[in-house]
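Here are my notes on this one, jotted down as I went through it. Have a look at the structure first, then read on.

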Amino acid sequence: MDLLRFATAGSVDDGKSTLIGRLLFDSKSIFTDQLEDLERTSVARGSEYTDLALLTDGLRAEREQGITIDVAYRYFATPRRKFIIADTPGHIQYTRNMVTGASTSDLSIILIDARKGLVEQSRRHAFLVSLLQVPHLVVAVNKMDLVDWSQEVFEAIREEFSNYAAKLNIADVSVIPVSALTGENVVTRSTQMDWYEGPSLLHHLENVHIASDRNLVDMRFPVQYVIRPQSAAHHDYRGYAGQIAGGVVKVGDDVVVLPSGLPTKVTAIDAPGGPVEEAYAPMSVVIRLEDDVDISRGDMICRPHNQAIVSQDVEAMICWMGDSPMRAGMKFGIKHTTRSARVLVKDLYYEMNINTLHRNQGAAELNLNEVGRVRLRTTVPLLADEYHRNRLTGGFILIDETTNATVAAGMIVGVQ
Amino acid sequence: MTASENPSYRLSQLDALESEAIFIIREVVAELERPAMLFSGGKDSAVMLHLALKAFAPANLPFPVVHIDTGHNFDEVIEFRDAEVTRRGIRLVVGSVQEAIDRGEVAEERNGSRNRIQTPVLLATAEKHDFNALMGGARRDEEKARAKERVFSFRDDFGQWDPKNQRPELWNLYNARIHHGETIRVFPLSNWTELDIWSYIRQEKVALPSIYYAHEREVFERNGMLFGVHEFCQPRENEPTFTETVRYRTVGDASLTAAVRSNAFDIDDIVAEVAATRVTERGATRGDDRVSEAAMEDRKKEGYF
């Protein structure tokens, strides 16, 4: 059984929480005590039916105000797959939460209210899916029960979305008509929409092909920690621990260590289950090398003819998450793979309106939840790839050095 | 499963969770100078310790383990705890709630539960030993407030959690920076479910206290739950006792952790039972979470794990 991580984004009234509740309920992932809890709360609030949306609101303020504030993680499994849902609020003020949820997702679900069609929020979600390079997108056209299960309504929305998505960089889009309230097409195929020949939402989630999403070509091993046992039994042991960020590594492989560029050879790979001949992303392993070269946390092991770029000048898109604005000339901490450094923002080229995709070239600052293109200069070289090639070696965070808050998510678009 | 047996280069979900947890534990040690790991002897902490040992093998564990001892223990669990740390040569730090009560630092609650008052003891123990990171075995699937918690969860000088002001957590880039006096709670098992834990225990043959497996025990019924008769958990007059085949799904304070009827005598039985169960583990066995809708959220804000 494999693992699919997906994110949902949506607002209070487009039925997102109900959809998740429906997926959990119909796949029998809601437990009886949770259901009783929901029924009690629903009755106490005067609701006429068991409000599945209450299931996803974890914090007191969320339950009281009927809103989702933060990313909530949900888990369910079918015989085919285990699923991790990052459930995020959809309003523009929560863009940073959506970005957070999307960063680790294989797939994203955008909900569209069939009565309203594409709205600003749907376009924004699609843009963020493209920006974060989530490999698969599902557009769930919800509340089909309220438009008499109309094929015309559905087709119009599908066409409008396709036209918009053509401007973006999204690899795989599926559009599915559903009713989260009645459950049509969520877990089982709809009996109300004979004209729809595609799979139900859950069937799609269970079968979407994710094996080829990982980059298994470019071997990247950011060194996380050096293991040197201080014991007589393992006196000469020196292993480099980390999680493979891309590609496949084999015992006997010629490798280079960045940033020094020193060549050496892999002599052993210790996986969690014991020694292996080869290992691949995203395994956590310990690699041992032939030569006693100087390697520390933040260095990277690559193949000689396929190396990450070593550079102090980085072009990136960033999503600003700080409460106070960012301007050119400011300095931050940066965490990229296992490497930490400081950066200077050399240029803010433009702020991108994430609703219209308009580039505001004159922007002097980036405010909370705004996205823009920047040039950064780092104190030490980063060992990086462009984000579209590898999300783990192309993504970074910026940290405010006074408050220690995480203030930006960055996606490398070019390295000089 | 090893890579060479898997020509498609696909990790099973259990192996993916294992690699993620090992990465998280290593990240704590790489970024924070004085970490410690909570180890109660319960199943989640046993799995977490197993992963930690793998993360640094063949070196020794580079941090101590901590147990906040409420004094309301199951003997089998304390025996297991002590045997594990001795067998593996791990340093154990114990924070005693009983001693804190005796010193007048905390007061016994009227209902006799020591769940809430273990929090100040945890904070004092961390402070005394100057731990700036504490790893815990809590999982997001356990409870609705926990579903909102980060893997690296920032705590202020008072050990408090502010659910509305959490650091965004992107990719696998955990921000571990803190000022002096602040701490980080880390949850390597965030993405595991109860069934994952049991499946992993089966895959890895992780040792556990015997009370997790079905056995005969003298019990009584209270609030629809079965409580074992115990030094700290006595039946009231209208609560007749009887012998039942039970096991524990969770192990907490012995005065309020309930058993469940079960014929799961071995790990295969348990995995099958957990896969089929229709009640959450906390719902089935914890008196403390039944106080209110937000009982866990309130305790977490105070510094509870």
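**Notes on chain B**

1. Buried residues make up 54% of the 305 residues in chain B (buried: 20 or more other C-beta atoms within 10 Å of the residue's own, with C-beta atoms placed from the backbone). Keep in mind that this is a predicted model, where local features need pLDDT of at least 70, side-chain atom pairs count only at pLDDT 80 or more, and totals for chains, interfaces and linings use all residues. Residues are numbered from 1 along each chain as its sequence is written, while chains are lettered from A and ligands numbered from 1 in the order in which they are written.

2. On secondary structure, chain B has 9 helices and 10 strands (DSSP runs numbered from the N terminus: helices are H or I with at least four residues, strands are E with at least two). Its C-alpha trace spans about 55 × 50 × 40 Å along the principal axes.

3. Now the sheet: 6 strands of chain B form an open one with mixed pairing, in the order S3-S2-S1-S4-S6-S5 (strands pair if DSSP finds at least two bridges between them). S3 (92-96) and S5 (152-155) of chain B are the edge strands, each pairing on one side only. S2(B), residues 65-69, runs parallel to S3(B) over 5 bridges, and one bridge joins His67(B) to Val94(B).

4. Thr125(B) sits in helix H5 (residues 118-128) of chain B. It counts as buried because it has 22 C-beta neighbours inside 10 Å. Beyond four places in sequence, Thr125(B) is in contact with Val66(B), Ile68(B), Val93(B) and Gly95(B) (contact: C-beta atoms, placed from the backbone, within 7 Å).

Methods: Buried ≥ 20, exposed ≤ 12 C-beta atoms within 10 Å, placed from the backbone. Contact = placed C-beta atoms within 7 Å.
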